[in-house]
Amino acid sequence: MGETGDRIAAAALRILLAEGAEAVTMRRVAAEVGVTPMATYRHFPNREALLRAVADAAFAELGKSWRPHAETVDFEERIDLLLTDFLDFALGSPNLYKFLITDRREPVRRFPEDFRDGLSPAFGAVWSAVEQGMREKALDEDDPLEVTLALTMPAVGLVQLYLGGRMNLPEPEFRALCARTTRRVLNGLRR
């Protein structure tokens with residue numbers, strides 16, 4: 001991408017984190033970087049391409065940050081750590097979370113093919129843990145992709161409610177609710 005392209009993407013990410021994707025415009029990004037609006041178009045043909053680059057980088061970073069839990073701990077501890085990572089991300093960067101997970105945009109990764117092909121690094125970290133759980137006989141043998149979906153979607157749904165102002169809980173109590181819910185789902189998936 002080059003130094004200027006990296007600076008443009010970093011500025012877009014800062015704006016997105018602070019104010020949401022709708023606040024990211026080519027003019028605003030250019031002003032923040034100190035270049036002309038036309039200079040941004042030399043690196044990104046349009047706003048969508050810029051936001052797609054930001055999304056791809058954010059997903060890759062999430063995938064890397066969640067990977068250290070790989071098989072160095074047992075399955076249940078790994079799930080707990082991944083849930084904590086997910087909640088830290090979703091609650092700590094709600095605008096980025098909304099953009100990556102709930103905002104309608106194109107192109108996006110689609111279930112099942114893109115997830116099965118490993119194109120979702122964050123989902124892939126949980127999928128890898130589920131496969132570990134099946135190898136360790138902590139979970140019944142089943143389709144690991146669908147089991148991962150069943151395991152992750154309750155937390156995603158709870159976060160949606162929380163960020164939408166529909167959960168009247170302080171954050172520590174909300175996190176505890178997510179942990180209990182995940183535990184209940186695991187209990188339904190295990191032998």
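E32 counts as partly exposed because its relative accessibility is 38%, where partly exposed lies between buried, under 20% relative accessible area, and exposed, over 50% (1.4 Å probe, protein chains only). The model is predicted, so local features need pLDDT of at least 70 and side-chain atom pairs count only at pLDDT 80 or more, while totals for chains, interfaces and linings use all residues. Residues are numbered from 1 along each chain as its sequence is written, and side-chain values use heavy atoms, with hydrogens and water left out.

E32 forms a salt bridge with R14, that is, a side-chain nitrogen of Lys or Arg within 4 Å of a carboxyl oxygen of Asp or Glu. Because E32 lies in helix α2 (residues 26-33) and R14 in helix α1 (residues 2-19), the pair ties together parts that are 18 residues apart in sequence; helices are DSSP runs (H or I, at least four residues) numbered from the N terminus. A search of the whole structure finds seven salt bridges, among them the following.

| Salt bridge | Closest N and O atoms |
|---|---|
| E32 and R14 | 2.9 Å |
| R28 and E19 | 2.4 Å |

Turning to helix contacts, P94, Y97, K98, I101 and T102 in α6 meet V156, V159, Q160 and L163 in α9, contact meaning heavy atoms within 4.5 Å.

Technical notes: Helices (H or I, at least four residues) and strands (E, at least two) are DSSP runs, numbered from the N terminus.
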